[in-house]
Amino acid sequence: MAETRLGGGDGAQEAWRTMPPSTDLSGLPDLRRVGAHPDHWYPVALSRKVRRGRTYATAFAGERIALYRGESGTVHALEDRCAHRQVPLSMGVVEGEILRCCYHAWAYRGDGRISQIPYLAKGDGRPPRGVRGYAVREAYGLVFVFPGDPEKAARTALPELPAHGSPKYRTMTFTRTVRCHYSFMHENLLDMNHQFLHRGVVGKLHPELLGHRTDGRSVEARYLFTHTGGKRNRSAGLLAGEGIGGSASSDVMTIRTQYPYQTLDLVPENADHPAFRLWAAYVPEDAEQRTCRAYGLLMIEKPAVPAALHVAWPFIRRFAERVFAEDRMAVEAEQRAWDEQGEDRNHEVFPVILDVREVLRANGVPLRSRPAPCDGALPGHPHGPGGPGPSTAPPGG
């Protein structure tokens with residue numbers, strides 16, 4: 001491991017000071033400088049937030065994107081700048097299936113091509129062709145865009161979520177901004193050895209790694225969870241059918257990073273199918289990818305009496321929010337340490353995390369250097385994508 005290579009004492013400190021900032025303690029490229037590969041479908045908004053005849057500002061890795069829903073109900077995604085004076089198109093007006101810039105009323109089709117310049121006279125200079133249009137699809141209550149090679153969009157599948165829409169499950173949707181590199185989120189969910197962090201919510205849980213496997217694009221880990229005492233939140237039992245955190249319970253949790261998404265299934269003791277299934281994606285927002293938007297779909301099995309889940313729904317959401325808030329506190333602290341140190345000084349020893357780091361490195365892309373705006377916000381957006389600062393309202397769903 002990296003710590004045995006470096007040794008102790010002053011020598012280790014000197015190694016940290018002289019190590020190039022593009023590497024971590026293992027001598028491998030610094031994962032926090034690896035970007036999310038754009039050749040995948042990424043959720044960038046909740047479908048219900050993109051209303052008919054309205055625009056919605058979002059972003060992927062520093063690329064500002066204007067979503068709008070035409071009168072037909074179709075969602076379009078365009079580069080969020082007018083080709084004329086660079087004013088954000090998300091400030092524009094939807095007319096039928098076109099988007100008109102709020103400044104000089106240049107009109108754009110859903111593919112980004114200019115359809116009209118109202119004051120252009122015959123003989124005037126030829127206008128530009130338009131702006132970039134993104135492939136866009138709606139599924140699972142989310143709007144997905146394909147920010148990579150447009151020719152690959154048609155042959156790249158959306159993630160498959162068989163439990164979503166199943167009459168056996170009900171879905172709870174979460175979305176939150178997290179101020180960290182997306183890789184911290186993958187590591188957090190895969191490494192269940194951090195349950196001490198949640199001791200005030202789920203009591204004392206003992207996670208035992210049953211096994212893990214990896215290939216070039218994925219890592220999967222299976223854990224056996226046993227409750228060993230302490231006070232637990234009642235919603236933990238409600239969520240898992242009196243499974244995880246329940247008295248004398250033993251439940252199997254399977255977590256998988258299948259680049260670039262993550263899934264989690266929990267099967268209670270003596271059950272043959274999951275009590276709940278989680279699908280998550282972490283979408284980088286800024287060019288340096290130190291902030292991401294987390295999207296989660298929590299699919300919960302309906303009990304024999306469906307009304308029971310309806311009554312428990314707000315309590316389950318509150319429980320899930322509390323657990324997520326604790327995780328967010330930890331990963332944002334990790335990001336702050338990276339920012340302060342300028343490199344990854346983590347001494348990781350858990351094989352599962354070492355494997356997922358390799359998968360994220362191998363499938364990501366180098367971050368591109370871009371000049372930073374003076375105020376630290378995305379260009380043209382004084383508060384970044386989607387509105388004024390990070391949301392403090394309850395998540396959708």
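Mentor: Let us begin with Cys82, which counts as buried at 1% relative accessibility. Buried means under 20% relative accessible area, exposed over 50%, and partly exposed in between, with a 1.4 Å probe and protein chains only. The model is predicted, so local features need pLDDT of at least 70 and side-chain atom pairs count only at pLDDT 80 or more, while totals for chains, interfaces and linings use all residues. Residues are numbered from 1 along each chain as its sequence is written, and side-chain values use heavy atoms, with hydrogens and water left out.

Trainee: How many disulfides does a search of the whole structure find?

Mentor: A disulfide is a pair of cysteine sulfur atoms within 2.5 Å. The search finds 0. For Cys82, the closest cysteine sulfur is in Cys101, at 3.9 Å, too far for a bond. For Cys180, the closest is in Cys292, at 4.5 Å, again too far; Cys180 is buried, with 0% relative accessibility.

Trainee: Is Met91 buried, partly exposed or exposed?

Mentor: Met91 has a relative accessible area of 48% and is partly exposed. This residue lies in the loop between β5 (75-79) and β6 (93-95); strands (E, at least two residues) are DSSP runs, numbered from the N terminus.

Trainee: What is the order of the strands in the open sheet of 6 strands?

Mentor: Two strands pair if DSSP finds at least two bridges between them. Here the order is β2-β11-β10-β5-β4-β3, with antiparallel pairing. β2 (42-46) and β3 (55-60) are at the edges with a single partner strand each, so one side of each has no neighbour in the sheet. β2 pairs with β11 (residues 142-146) over 4 bridges in the antiparallel sense, and Ala45 has Val143 in β11 as its bridge partner.

Trainee: Which element gives the largest share of the lining of the second largest pocket?

Mentor: Rolling a probe the size of a water molecule over the atoms shows where empty space is left. On a 1 Å grid over the protein atoms alone, a pocket is an open set of points where a 1.4 Å probe fits, with protein on both sides within 12 Å along at least five of seven lines; lining residues have an atom within 4 Å of a point. In this pocket, β16 gives the largest share, 5 residues. The lining has 26 residues, with Pro159, Glu160, Gln258, Thr263 and Trp279 nearest the centre.
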